[in-house]
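I opened the notebook to go through one protein chain. The entries below follow the order in which I looked things up.

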Amino acid sequence: MEELQKVGVFIDEIYTVRVEHPNISSSKVMFKEECFNYIKAFSIFKKFVFDYCNISETFAKDVDKEKLRAIGTQNQLKTAFIQRQNQQQVYQYEIFEQTVELERLKGELQFLQRIETEQHEIINNFFVNQY
């Protein structure tokens with residue numbers, strides 16, 4: 001048996017003739033199993049990475065949609081604010097016009113009241129002088 005081992009031929013525990021040492025053969029089997037486990041774990045990792053990329057892309061698309069919606073809403077608010085400012089200016093101008101008209105009418109009222117008072121005085125003087 002030692003002579004066979006010298007030439008590189010070995011007999012294992014189930015009496016099978018081998019060209020390599022049984023320890024190396026069992027190490028190869030263990031290494032092969034470790035490689036299969038590594039490939040299996042790597043496939044799971046690859047699937048996780050792929051799922052993560054898909055989720056990230058979906059999230060990025062959602063973020064972009066929300067960003068565009070927020071920009072649209074912001075533009076609407078700016079437009080509404082500008083419209084309100086313009087409307088406020090219109091109202092302030094109308095108030096100013098009405099105030100000017102009120103002052104004009106007050107002056108006209110005072111003038112007419114003065115004329116009325118003078119006319120009453122003239123009428124009273126006329127009746128007083130006539131009697």
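**Entry 1**

Cys35 is partly exposed, at a relative accessible area of 29%. Cys53 is also partly exposed, at 37%. I use buried for under 20% relative accessible area, exposed for over 50% and partly exposed for in between, with a 1.4 Å probe and protein chains only.

**Entry 2: what kind of model this is**

I noted that this is a predicted model, in which local features need pLDDT of at least 70 and side-chain atom pairs count only at pLDDT 80 or more, while totals for chains, interfaces and linings use all residues. Residues are numbered from 1 along each chain as its sequence is written, and side-chain values use heavy atoms, with hydrogens and water left out.

I looked up the confidence next. The mean pLDDT of the protein is 90, where pLDDT is the predictor's confidence in each residue, from 0 to 100. I noted that 85% of the residues reach 70 or more. Confidence is highest in helix H2 (residues 22-130), with a mean of 94, and lowest in strand E2 (residues 17-18), with a mean of 66.

**Entry 3: elements and surface**

I listed 2 helices and 2 strands in the protein. Helices (H or I, at least four residues) and strands (E, at least two) are DSSP runs, numbered from the N terminus. Read from the N terminus, the order is α-β-β-α.

How many of the 131 residues count as buried, as a percentage? I found 3% of the 131 residues in that class. The accessible surface comes to about 12700 Å², computed by the Shrake-Rupley method with a 1.4 Å probe, where for residues only the protein chains shown count as cover. Carbon and sulfur atoms hold 62% of this surface.

**Entry 4: nonpolar patch and aromatic rings**

Which residues form a nonpolar patch on the surface? I wrote down Phe36, Tyr38, Ile39, Phe42, Phe45 and Val49, with about 650 Å² of accessible area together. Patch residues have over 30% relative accessible area and no salt bridge; like charges are joined within 9 Å, and nonpolar side chains (Val, Leu, Ile, Met, Phe, Trp, Tyr) within 5 Å.

I then counted 3 aromatic pairs in the structure. One of them is Tyr38 with Phe42, a stacked pair at 6.1 Å centre to centre with 20° between the planes. The rule is that rings of Phe, Tyr and Trp (its six-membered ring) pair if their centres lie within 6.5 Å; planes under 30 degrees apart count as stacked, over 60 as edge-to-face and the rest as tilted. Tyr38 and Phe42 both lie in helix H2, 4 residues apart, about one turn of the helix. Tyr38 is exposed, at 57% relative accessible area, whereas Phe42 is partly exposed, at 43%. Together with Phe45, Tyr38 and Phe42 form one aromatic cluster.

**Entry 5: salt bridges**

I counted 4 salt bridges, a salt bridge being a side-chain nitrogen of Lys or Arg within 4 Å of a carboxyl oxygen of Asp or Glu.

Glu66 pairs with Arg69, with the closest N and O atoms 2.9 Å apart. Glu66 and Arg69 both lie in helix H2, 3 residues apart, about one turn of the helix. Glu66 is partly exposed, at 42%, and Arg69 is exposed, at 54%.

Which residues are linked with Arg104 in a network of salt bridges? I found Glu101 and Glu108 there. Between Glu101 and Arg104 the N to O distance is 2.5 Å, and between Glu108 and Arg104 it is 3.0 Å. Glu101 lies in helix H2, 3 residues from Arg104. Glu108 and Arg104 are 4 residues apart in helix H2, so they are separated by about one helical turn. I noted each of these residues as partly exposed: Glu101 at 32% relative accessibility, Arg104 at 44% and Glu108 at 37%.
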